[in-house]
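Trainee: Can we go through this one residue by residue, and then the whole chain? I have it open and will jump around a bit.

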Amino acid sequence: MGRIQRTIDKRNSLLAGCYKNLSEFANGHLYYGCFRIDNKVVIREWMPNATGVFLIGECNGWHEQDDYRFNHIGNGTWELQIDAHRVHHNQLYKLKVYWNGGAGERIPA
């Protein structure tokens with residue numbers, strides 16, 4: 001009974017309101033990350049404690065710019081959609097993340 005309860009508890013912690021089932025959780029790599037969709041580049045990251053997120057990199061001289069600000073789309077997920085011509089394949093980038101009481105630079109998962 002203890003093993004079954006630990007399995008149920010782990011399943012519930014993995015799903016944590018963001019996913020409907022374990023299959024959806026396992027396919028998170030198809031949603032999160034950096035993708036080209038039509039003429040846009042879409043970047044999604046899960047940062048539940050963030051209060052603001054910016055893309056900084058070779059595409060913008062490593063400076064925060066409003067054009068590269070992520071939008072919070074719910075459940076701890078942040079998303080940036082920019083025209084594909086604004087970033088290029090093999091350019092380096094990272095994220096500037098703000099949270100209550102601080103900020104820091106993070107390399108995306």
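Trainee: How exposed is N12?

Mentor: N12 is partly exposed, with a relative accessible area of 42%. On this scale buried means under 20% relative accessible area, exposed over 50%, and partly exposed in between, with a 1.4 Å probe and protein chains only. Bear in mind that this is a predicted model, where local features need pLDDT of at least 70, side-chain atom pairs count only at pLDDT 80 or more, and totals for chains, interfaces and linings use all residues. Residues are numbered from 1 along each chain as its sequence is written, and side-chain values use heavy atoms, with hydrogens and water left out.

Trainee: Which element does N12 lie in?

Mentor: N12 lies in helix α1, residues 2-15. Helices (H or I, at least four residues) and strands (E, at least two) are DSSP runs, numbered from the N terminus.

Trainee: What box do the C-alpha atoms fill?

Mentor: Roughly 55 × 35 × 20 Å, taken along the principal axes.

Trainee: How much of the chain is buried?

Mentor: Of the 109 residues, 31% count as buried. The chain exposes about 7500 Å², and carbon and sulfur atoms supply 51% of that area. Accessible areas come from the Shrake-Rupley method with a 1.4 Å probe, and for residues only the protein chains shown count as cover.

Trainee: What does P108 touch?

Mentor: Not counting residues up to four places away in sequence, P108 touches E45, Y93, K94 and L95. Contact here means heavy atoms within 4.5 Å. P108 and I43 are 65 residues apart in sequence, and their C-alpha atoms are 9.5 Å apart.

Trainee: And E105, where is that placed?

Mentor: E105 is in strand β7, residues 102-106. E105 is partly exposed, with a relative accessible area of 42%. Leaving out residues up to four places away in sequence, E105 touches I56, K94, L95 and K96.

Trainee: What about contacts over the whole chain?

Mentor: Among contacts with a separation of 6 or more, 54% come from residues 24 or more positions apart.

Trainee: Back to the loops. Which loop holds N39?

Mentor: N39 is in the loop between β1 (33-37) and β2 (40-46). N39 is exposed, with a relative accessible area of 58%, and is in contact with I82, D83 and A84, leaving aside neighbours within four places in sequence.

Trainee: What is the phi of W62?

Mentor: W62 has a positive phi of about 65°, although it is not a glycine. Most residues other than glycine have a negative phi. W62 sits in the loop between β3 (50-57) and β4 (71-74) and is partly exposed, at 39% relative accessible area.

Trainee: And the phi of N90?

Mentor: N90 has a positive phi of about 75° and is not a glycine either. N90 is in the loop between β5 (77-83) and β6 (93-99), and is exposed at 66% relative accessible area.
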